[in-house]
Amino acid sequence: MDHSPVTGRVRSLDALRGLAICGIMLVNTWQHTLAYRKSTSIDWVMGNLFQSRFYPIFAFLFGMGFALFLQSARARTGRPRLVLLRRLVVLALLGAAHWWVEPGEVLLPYAILGVTVLLPASFLPTPLVLLAGTGTMVAAMVTAKPYVLIAALFLLGLATVRYGRAARLASPVVFGTSAVLAVTLTWWWNHSPPGGGVYQAAALCGAAAYGTGFLLVVRRTEVFEALGRMALTNYVSSTAVILTAAPLLRSDGTGTAVVGVTLAALVAQAAFSRWWLTRYRYGPLEWVWRSLTWWEPVVNRQTGIRDPYSPVPDPHRPRSEDEPRDRS
C-alpha cells in the first residue's frame, strides 16, 4: 500500500521537531565561537554529544512533512505535486535570503534536495522509496557526506509516512540499540579514528537515541510542540540572536556563554511561540510560506475553543465550521 492517510496533526512530530530546533540552535551557537578561542572541555562535550545529533532528526521529519503535506494537498487540488513544487520554491527563496545573511544554512539545500530527490521519489512505489533510502544511507556511511545522509533521511521519512508509521516512532528497542551503538562508535572515533563515516554513524545513532528516548520519556511536550509548530520562524530568528550575541560569544574564552545565550533564546522563543499560537494557527514565517504555497492568504486567526491543531487552547473564540482543518 503506497499511501496511509493520517488524520489530524501528529503532535509527537511537532514535539520532536521542537527538540531538534533546540539542539540545532545550541550547536550553531557553539560553532560560531570555535575560531575565536582555544579548545576547552565544553568543546569535547559539544562535539561528542550534540554536534550532528539533531540535524538528522530535522531531515527525517522534513521527509515526513513532505509526505504529510502531499496527502493533505490531494484533498484540496488535483495537482498536489505542483503545489508541493511551489512550496519548495518558496522555501528556496527564503533559504537564499537566509543564506545571504548566514552562509551555510540548511533551508536552501533542503529545498534543492526536496525538488531533486523527494519530488521524483513521490512517483515511486513505497518499497522502492524504502530501498532507495536504504541504499542512499549506505552511500552516506561510506562517503561521510552530510548531504547524502540528508537525502537518505528525506527518503526514509517519506517511506515512514507511507507505511503508516508517522505516529509510532517511539520504540524501546530502537532507543536501546541506537544508544549502545552511539556510545560504542563515539568511543571508537575518539580512541582510534577510522576512515569512512564512523563519526557520521555515531551521530546518526545518537540522533535516533535522542529522538526515540525523548518520545518515550517526555510526557509534557507542549513547549516543544510550540517550538516545532513554529520551526521555520524559530530557526531563522535564532540566526539573528546568534549574530547579535556574537561579540559576547567571541569574548568568552571558556565557551560557557554558548549555553547561556542558547538557553535565553530558547526560553524567549518558547514563550513567544506559546503566546502566538493561542492567537494564530501558524507562525509568522509559516503563514507567509503557506500563503505563497497556495497563492492566497490562508486563514490564520485562531478561533477554536480547543484547537486540535495547536499545542495550546484558545478559550476566547468559538471555532467557525468553515475554518480550514489541514494538518501540515
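**Reading ring contacts and a nonpolar patch**

In this predicted model, the charged end of R87 sits over the ring of F69, at 4.3 Å from the ring centre.

Trainee: Which ring has the charged end of R76 over it?

Mentor: That of W294; the charged end of R76 is 3.8 Å from the ring centre.

Trainee: How is a pair of aromatic rings described?

Mentor: By two values, the distance of the centres and the angle of the planes. The whole structure holds 13 aromatic pairs. In one of them, F54 and Y210 are stacked, with 5.5 Å centre to centre and 10° between the planes.

Trainee: Where in the chain do F54 and Y210 lie?

Mentor: In distant parts, 156 residues apart: F54 is in the loop between helix 2 (41-50) and helix 3 (55-74), and Y210 is in helix 9 (residues 198-217). F54 is buried, because its relative accessible area is 7% and the limit for buried is under 20%. Y210, at 29%, counts as partly exposed.

Trainee: What about W276 and Y280?

Mentor: That pair is tilted, with 4.4 Å between centres and 35° between planes. W276 is buried at 16% relative accessible area, whereas Y280 is partly exposed at 22%.

Trainee: Which residues form one aromatic cluster?

Mentor: F58, F62, Y110 and F154.

Trainee: Which residues make the nonpolar surface patch?

Mentor: L82, L85, V89, L93 and V115 make a patch of about 390 Å². Helix 4 (residues 80-101) gives the most to the patch, with 4 residues. V89 is in helix 4 and is partly exposed, with a relative accessible area of 41%.

Notes. Residues are numbered from 1 along each chain as its sequence is written. This is a predicted model: local features need pLDDT of at least 70, side-chain atom pairs count only at pLDDT 80 or more; totals for chains, interfaces and linings use all residues. Side-chain values use heavy atoms; hydrogens and water are left out. Patches are made of residues with over 30% relative accessible area and no salt bridge: like charges are joined within 9 Å, nonpolar side chains (Val, Leu, Ile, Met, Phe, Trp, Tyr) within 5 Å. Accessible areas come from the Shrake-Rupley method with a 1.4 Å probe; for residues, only the protein chains shown count as cover. A salt bridge is a side-chain nitrogen of Lys or Arg within 4 Å of a carboxyl oxygen of Asp or Glu. Helices (H or I, at least four residues) and strands (E, at least two) are DSSP runs, numbered from the N terminus. Buried means under 20% relative accessible area, exposed over 50%, partly exposed in between (1.4 Å probe, protein chains only). Rings of Phe, Tyr and Trp (its six-membered ring) pair if their centres lie within 6.5 Å; planes under 30 degrees apart count as stacked, over 60 as edge-to-face and the rest as tilted. A charge sits over a ring if NZ of Lys or CZ of Arg is within 6 Å of the ring centre and within 35 degrees of the ring normal.
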